[in-house]
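Subject: Structure handover

Dear colleague,

Please find the structure below, together with its sequence. My notes on it follow.

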Amino acid sequence: MRAMTEAKKLYVKTYGCQMNVYDSERMAETLGAQGYVQVDTPEAADMILLNTCHIREKAAEKLYSDLGRLRPLHDAKPELKIGVAGCVAQAEGGEIMRRMPIVDLVVGPQTYHRLPAMMEAVERGETALDTEFPEEDKFAHLPKGRGTNRGPAAFLTVQEGCDKFCSFCVVPYTRGAEVSRPAERLLREARDLVERGVREITLLGQNVNAYHGPGPQGGEWGLARLVRELAEIDGLDRIRYTTSHPNDMEDDLIAAHGDCAKLMPYLHLPVQSGSDRILKAMNRKHTAECYLRLIERIRAARPDLVLSGDFIVGFPGETAADFEATLDLVRSVGYGSAYSFKYSPRPGTPAAEREQVDAAEADERLQRLQALVTDQQRATQQGMVGRRLQVLFEKSGRMAGQITGKSDYLHAVHVDGPESLLGDIAAVEIVGSNTNSLAGRLLA
Ligand code: SAH
Ligand code: SF4
Ligand code: F3S
């Protein structure tokens, strides 16, 4: 029996999107209230929680390879508890325990508020499974955060789930229908973060610009209203949001990019393909032309905006000409960065049933797209050299005497400077550009 005074040790591993990062922090806080302290290695843990991603096959398979690797640890320490949370938990449920009997707990992304009761069952030696989509807000009942080693930049989930049903995507199935959290609660959480030293908040949602939460005095707030109200919080200097859908980019949000100084000039706006035929097959409900006009309007509001996007190559039915249309779109937009993925058939989604593109062909397209995007990324970064930028310093750099932060445009910037600047925003002159970061010099 464990002595009552000895803290239980929790190891959390997070896969997938930023929402999982946010969820992992909340789960660690919830379990903190139950006496768990976080540790850095699975070997040191009494409880291991894997917060999983199901977006592509490779992402989902990581869970099973990691569980396989944990087996010897579990054999050596049979009292070790293992839990699986997140989107694979939602998609596969009890199947995970059948395939991997070392798993004691499976919890879907919408039931994290039930984790304390589930953990009690697990501690009694039972197994626990919950993958429902309950009505209540999963974060409404959580204990107030206690700052799990947080830096000056934080995430805040404002909206979850998706009603769009792009034909390739698991998110509507794993995260459920679109739900927006009440504005009041978000303002409170944001103020609480700022009191603990946070200067930058990234609002998160699978479809964040579809946010339409109940306002404090009744009525509904859209994302633009929420951003503007958050901008009133003293001490909060930067606001970002991700991920947006082109069809939810409303006029007031575009306007906010022009007149809300705290809204940072960086936008992740996935388009997936430049071919209208493929966009239709993807059920995206916008054309390439709509997307390009939209970008023009956002850039008219904020000319220095840096754009990023997501692309899928080798979607079922994609021809060489469709792929060329994607390259054309990328050339017309000029991205600061972009993520591109080879299409991965996901069980239960409509596109998985269709005839697949030859894998070698898809690989070749992916390489060509990535080369083009890398060129654009380099050019964008090179364009920052010589400029004076504001940088929020988040952590010490890899070299001694170095600190690292993010510019308004979300580029990582390294400078030689004192650790006393961590948590602060300072002016920096950019003196060089590397593959994934910028080198700067602190200005007095
Ligand atoms: N909600 C966001 C992104 C969700 S997933 C949006 O609508 O844009 C993040 C990215 O993963 C997607 O933008 C897409 O490019 C990629 N993705 C999703 N499903 C995929 C699949 N089955 N195969 C390959 N890439 C996929
Ligand atoms: Fe998935 Fe995004 Fe499409 Fe929703 S809008 S189905 S999250 S890709
Ligand atoms: Fe992955 Fe789920 Fe996020 S599938 S990308 S963890 S919403």
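L329 counts as buried because its relative accessibility is 3%; buried means under 20% relative accessible area, exposed over 50% and partly exposed in between, with a 1.4 Å probe and protein chains only. This is a predicted model, in which local features need pLDDT of at least 70 and side-chain atom pairs count only at pLDDT 80 or more, while totals for chains, interfaces and linings use all residues. Residues are numbered from 1 along each chain as its sequence is written, chains are lettered from A and ligands numbered from 1 in the order in which they are written, and side-chain values use heavy atoms, with hydrogens and water left out.

L329 and its surroundings

L329 sits in helix α12, residues 320-333. Helices (H or I, at least four residues) and strands (E, at least two) are DSSP runs, numbered from the N terminus. Leaving out residues up to four places away in sequence, L329 touches V271, S273, G274, A288, Y291, L292, F311 and Y335, where contact means heavy atoms within 4.5 Å. From L329 to A444 the C-alpha distance is 42 Å, and the two are 115 residues apart in sequence.

Q376 belongs to helix α13 (residues 359-382) and is buried because its relative accessibility is 13%. A polar atom of the Q376 side chain lies 2.9 Å from the backbone oxygen of V330. Such a polar contact is a pair of N or O atoms within 3.5 Å; within protein, one must be able to donate a hydrogen and the other to accept it, and residues adjacent in sequence count only if both atoms are side-chain atoms.

Domains

The domain assignment gives domain 1 (8-130), domain 2 (138-382) and domain 3 (388-442); the bounds come from an automatic or database assignment. Taken over C-alpha atoms, the centres of domain 1 and domain 3 are 35 Å apart.

D46 lies in the loop between β2 (36-38) and β3 (47-52). At 18% relative accessibility, D46 too counts as buried. The side chain of D46 comes within 2.7 Å of the backbone nitrogen of K9.

Ligands

A residue is near a ligand if one of its heavy atoms lies within 4 Å of it. Ligand 1 has 15 residues around it, of which F168, Q206, Q272, D310 and S344 come nearest. A nitrogen atom of ligand 1 lies 3.0 Å from a backbone N or O atom of F168, and a backbone N or O atom of S344 is 2.8 Å from a nitrogen atom of the ligand. Q272 places a polar side-chain atom 2.7 Å from an oxygen atom of ligand 1. On its own, ligand 1 has 530 Å² of accessible area, and the protein covers 89% of this; accessible areas come from the Shrake-Rupley method with a 1.4 Å probe, and for residues only the protein chains shown count as cover. Strands β15 (306-313) and β16 (337-342) are the elements that give two or more residues to the shell.

Around ligand 2 are C162, K164, F165, C166, F168, C169, V171, P172, N207, H245 and R284. Around ligand 3 are C17, N20, T52, C53, H54, I55, C87, R175 and Q206.

Regards
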